[in-house]
Amino acid sequence: MRMTDIQHCEVRPGRLVEWTLDPAAAATVKGLPQDSRPPAYIQESHIRASRSVREDGLFVPTWIGVSFDLPGRTDLDVLQDALHAWTLRHETLRSGFTWSGPPDDEMVRFTLDSEDVRLHREDIGDFTDETALAVHLQNRFDIVADALRWPNFIYTAVFRDDSTSVYMAFDHSNVDAYSLQNIPAALHELCAAVAAGRSPKQQPGASYVDFCQTERADADNVDDGHDTVARWREFIKNCDGHLPNFPVDLGLDPDGGLPPQKVLCGPLVDADDAAAFEAYCRPYGGSLVGMLAATALIVHEIAGEPVFRTVVPFHTRATSQWSDSVGWYVGGAPVEIQLAKLRDFDGALENARTALRENRRLARTPLERVLRLLGTDFRPTSPDLYSLVSFLDARYIPGSERWAELKAYGLVRVSYGDRVCVWVNRLHEGLWFACRYPDTDIAHKNLSLYASRLQEVITSVARKG
C-alpha cells in the first residue's frame, strides 16, 4: 500500500459522515472489572512516550490510518453495519488502559464486552474543497485517535454519487501497517455481504490482547544474561549510548526541542525494475537486504560514516493464527553494516546479509524489555525511539492488486519528531518510497538526495547486464 499523509491521499469533496464508539457504550467501562492481560511492551512504551512528550508541553499526534474507495453508490446503513461487524472481530479495539496511580504507576487494562459495542454516527455535512476536508479529517483524527484517550479510533466516509471514500484512523497501539493493509478487502467483503442480505460472519479474529499476554510472559523470562540483551548493549554502546538516528546531518538544534516534520513520498521504480532488483538480490536474501545495502552505501556517500547502524522492523506474527488479527505485531532488530573497506554494491549486499542473519532473531524480544534490563534511562523525549528502515512486500495481501484502482493508502501522521523513518513497500506497480523526517533545510536536502540516489542505485542494479 502506498504510504503518505492525509494531505497526499487523493482526498476529494463530498458529504462527510463519521462514526465513533457510542458514548453510552464507552461509559460502561467504568464499571468493568480489571482485565488481567497486560499491555504488550510496545504498547506500554508508546503510551508512556506519548504521556512523557505531553508532559513536556507538546501535543504530538501519532495515529496511523487507511483510506480507500468503495466504487459506486454506497448505502449509509450498509457501510455502518459492515464497520460494526469489522470492529467486533478485533478485541483490541474495545480494550484500553487506565493508570494505577502512584507509587506503582502501572497500566491497567479494561475490555468492553462485544455486545456493548455500538457505533455513534454523525452526519458532518458537505465539503466542496478538498483542502478544507483534509484539514478537518486530520483535526478530528488528532482529537479522537489519541494515545492518551479511549476510545481511540474513528471511522469516516465521504459519500458521492459515483463512489465513497473511507478514512479510518487508530492510535498506533492498536494497529500496525499490516493490519491497515488488510482492511480494504475485509470492508469490501463485509459491505457486499450486508448489501446482499447475508449476515456477516461474526467469528472474531485471533485476539491481539491474548497475544500481548503471551508475548509479555515470554519476554519476562529474558534476563540480563541473555544474549539478546548483550547484543543490544553492544549496539547501543556503538551508537554512543543512544538508539540510532539516521546517520546524515539533519540540521537539528540540540536545545530547540522537537522540530516539526515533513513527509517525502512517491514511486521509486516500476514493476519491471522492482522484479529485476529482487532477482539480483535474491542470492543474498532478497529486496530487504538490497534496500539496506543501498541505503548503507548512500549514507556513506553523504556522511562518510564507516558503519551504517539502524533498526529494522520485523513482524512478530510467528504463526498463522495471527495473520488476520488487528494489532501491533512488530519487533525491531539492530543492524550494523560495515562499509570502511568496500565501495561496491555486491560487497554491501554480503555485509547486509551477514548483519541480518546475525540479528533478525533479536526482533522476537521486545526492545522495551531489553531497555529495562539494561537499566539505562531512555526517558522518551520523541514519539519514535529510534530511526528505522523498513521494507514490506505487500503484493500477497488480499485485494492488493486493486489498491491503485481503489485509491488505497496507508496514512501516517506527520507532526513533530527528531528521527527519520523510511518505509519502502513492494506493490504490484513497483516500489513505493515514504519517509518522515525533521523539517529543516539540511534534512530536506539530505533526505531528498538519499531518495534520489536510492532510485538511481536500484535502477542501476536492476538493469545490469
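In what order do the seven strands of the open sheet run? Select them and read across: β1-β13-β3-β8-β7-β2-β6, with mixed pairing. Helices (H or I, at least four residues) and strands (E, at least two) are DSSP runs, numbered from the N terminus. Two strands pair if DSSP finds at least two bridges between them.

This is a predicted model, where local features need pLDDT of at least 70 and side-chain atom pairs count only at pLDDT 80 or more, while totals for chains, interfaces and linings use all residues. Residues are numbered from 1 along each chain as its sequence is written, and side-chain values use heavy atoms, with hydrogens and water left out.

**Stop 1**

Axes are lines fitted to C-alpha atoms, for helices over the stretch in contact; angles run from 0 to 180 degrees between N-to-C directions.

Now select β3 (residues 64–71) and β8 (residues 163–170). These two run antiparallel and are joined by eight bridges. Pick P71: its bridge partner in β8 is S163.

**Stop 1: helices on the sheet**

Contact means heavy atoms within 4.5 Å. Then show α6 (residues 183–195), which lies across β3 and β8 and runs at about 40° to β3.

**Stop 2: α9 against α11**

Select residues 271–281 for α9 and residues 345–359 for α11. The two helices pack at an angle of about 70°, with axes 11 Å apart. That makes α9 roughly perpendicular to α11; the cut-offs are under 35 degrees for roughly parallel, over 145 for roughly antiparallel, 65 to 115 for roughly perpendicular, and oblique for the rest. Show side chains: F277, Y280 and C281 in α9 meet F345, D346 and L349 in α11.

**Stop 3: two buried loop residues**

Centre on A40, in the loop between α1 (23–27) and α2 (41–55). Is A40 buried or exposed? A40 counts as buried, at 0% relative accessibility. Buried means under 20% relative accessible area, exposed over 50%, partly exposed in between (1.4 Å probe, protein chains only). Residues up to four places away in sequence aside, A40 touches Y208, C212, E215 and R216. Draw a C-alpha distance from A40 to T214: 9.0 Å in space, across 174 residues in sequence.

Jump to S387, in the loop between α12 (367–374) and β12 (388–393). S387 is buried too, at 2% relative accessibility. Its side chain reaches the backbone nitrogen of V420 at 2.8 Å. Beyond four places in sequence, the contacts of S387 include P244, N245, F246 and T310.

**Stop 5**

Most residues other than glycine have a negative phi, and most peptide bonds are trans. Select W150 and P151. A cis peptide bond joins them, with omega about 0°. P151 sits in the loop between α4 (130–144) and β7.

Next, E10, in the loop between β1 and β2. Phi of E10 is positive, near 60°. E10 is partly exposed, with a relative accessible area of 33%.

Finish at D240, in the loop between α8 (227–238) and β9 (261–270). D240 is not a glycine, yet has a positive phi of about 60°. With a relative accessible area of 66%, D240 is exposed.

Terms used
A polar contact is a pair of N or O atoms within 3.5 Å; within protein, one must be able to donate a hydrogen and the other to accept it, and residues adjacent in sequence count only if both atoms are side-chain atoms.
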